[in-house]
Amino acid sequence: MQFHQHVLPNGLQIVAEMNSSVHSVAAGFFVRTGSRDETEDVSGVSHFLEHMAFKGNGKFAADDVNRIFDEVGANYNASTGEEVTMYYAAVLPEYLDTTMELLSVLMQPSLSQSDFDMEKNVILEEIGMYDDHPSFTAYDNIMAAHFSGHPLGQSILGTNESITALSAEQMRVYHADRYKAGNITLAVAGNTDFDSLLALIEKHCGSLPAGACDRPLPEVKPVDCIKLVHRESSVQQHIMQMGIAPKGSETLRFAAELLAVVVGDDSSSRLFWDLVDPGYVESADLGYNDYDGAGTWMTYLSCMPDDVEKNIARMHKVFDDVNQGGITAEELEQAKNKVASRVVLRGERPMGRLSSLGGNWVYRKEYNSIADDLAIVRGLSLKDVAELLEKYPLKFNTTVGVGPREKLEL
């Protein structure tokens, strides 16, 4: 594999990992914008914009964009998170020119009033659909509670009220501010040569408007709280808890990923053997999420409503044991093998490499090959985990419940 990095005169960052031994190529725009970059007045606009990108421009109508992607056999889509909106496609190398042209259209759509009015109904339906999912409701509420007063607490989808009130002109202003070339990274992975790729990028992306924009990184100061969302019709109670973990810029994030596997993976973890396997809960896990200037531990469990307190106590017994005694060498080795397998299996396809390639560059201006990632995983020790637990123990400030319970006694 060969890594290349380049910056166009308009400020567009390009990172590429060339691999002549594969049979496809993947490309993706990583726009450094998401719900945390929105104001209350435009809550949900980043995700709405992701939908509007596929409405086309003066050259390609919406039907053209989707039809041509399909004609070249592209695997394409987009996603919006708290910090990044990503547009991507994976194709056979001979269709890279067409694909780059279509992806560049997604960066500068028309944003017409008629398309905006039509898509607004789709967004409102999507908000209603996710509102019926207890785990999504719990996630939206725990982000709002844990990050109360912080930009990361803002909803990705927005609300019925914010989307209904949003105007096309507000969206155009937001787009002009955030979709500047200096705020975008284009990542490419797979079978192509860099000189040809660069010529295509200059042809299709050289006209993206120049400029960049800032993102404030205020400190996170969570206040202990419990919030319950009453759903009488829910058969189970869904509980999420959130605590402070390493920021995305800290090297302790690697140990945090391994610890989450040992303690809360969906198979053969401590939570699995102590809560799921005996049948106390339907689901129990621990995850680690890193952000710009922040990081979280997040737990999730679902069980019968009357058993919530007992199961939270079982879960916290697991966390207390880990905080006090750490993990074993055998557990660490098993977690390393799991993570290493996932790195390799994901990285064997260009589409799998794209997220790592673009994400590392957006957050840290770093390039890590598969070998680099494996070396980092293999090099972690029990001492690293102990240092992590000393600084970021498995403790939780925020609890959110969705289900029939109206009270919790923790």
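The model is predicted: local features need pLDDT of at least 70, side-chain atom pairs count only at pLDDT 80 or more, and totals for chains, interfaces and linings use all residues. Residues are numbered from 1 along each chain as its sequence is written, and side-chain values use heavy atoms, without hydrogens and water.

**Overall build**
- The protein chain has 15 helices and 11 strands (DSSP runs numbered from the N terminus: H or I of at least four residues for helices, E of at least two for strands).
- Its radius of gyration is 22 Å, close to the 22 Å that the globule rule gives for 410 residues, so the chain is as compact as a globular protein of that length. The radius is taken over C-alpha atoms, and the rule is 2.2 Å times the number of residues to the power 0.38.
- The C-alpha atoms fill a box of roughly 60 × 50 × 35 Å along the principal axes.

**Inside and surface**
- Of the 410 residues, 55% count as buried, meaning under 20% relative accessible area (1.4 Å probe, protein chains only).
- Among contacts (heavy atoms within 4.5 Å) between residues at least 6 apart in sequence, 81% join residues at least 24 apart.

- Strand β9 (residues 283-291) and strand β10 (residues 294-303) pair in the antiparallel sense over 9 bridges. Pairing requires at least two DSSP bridges.
- Asparagine 289 stands opposite threonine 296 in β10.
- The hairpin has 2 residues between its strands. Glycine 293 in the turn has a positive phi of about 75°.

How values were computed
Buried < 20%, exposed > 50% of the residue type's maximum accessible area, 1.4 Å probe, protein only.
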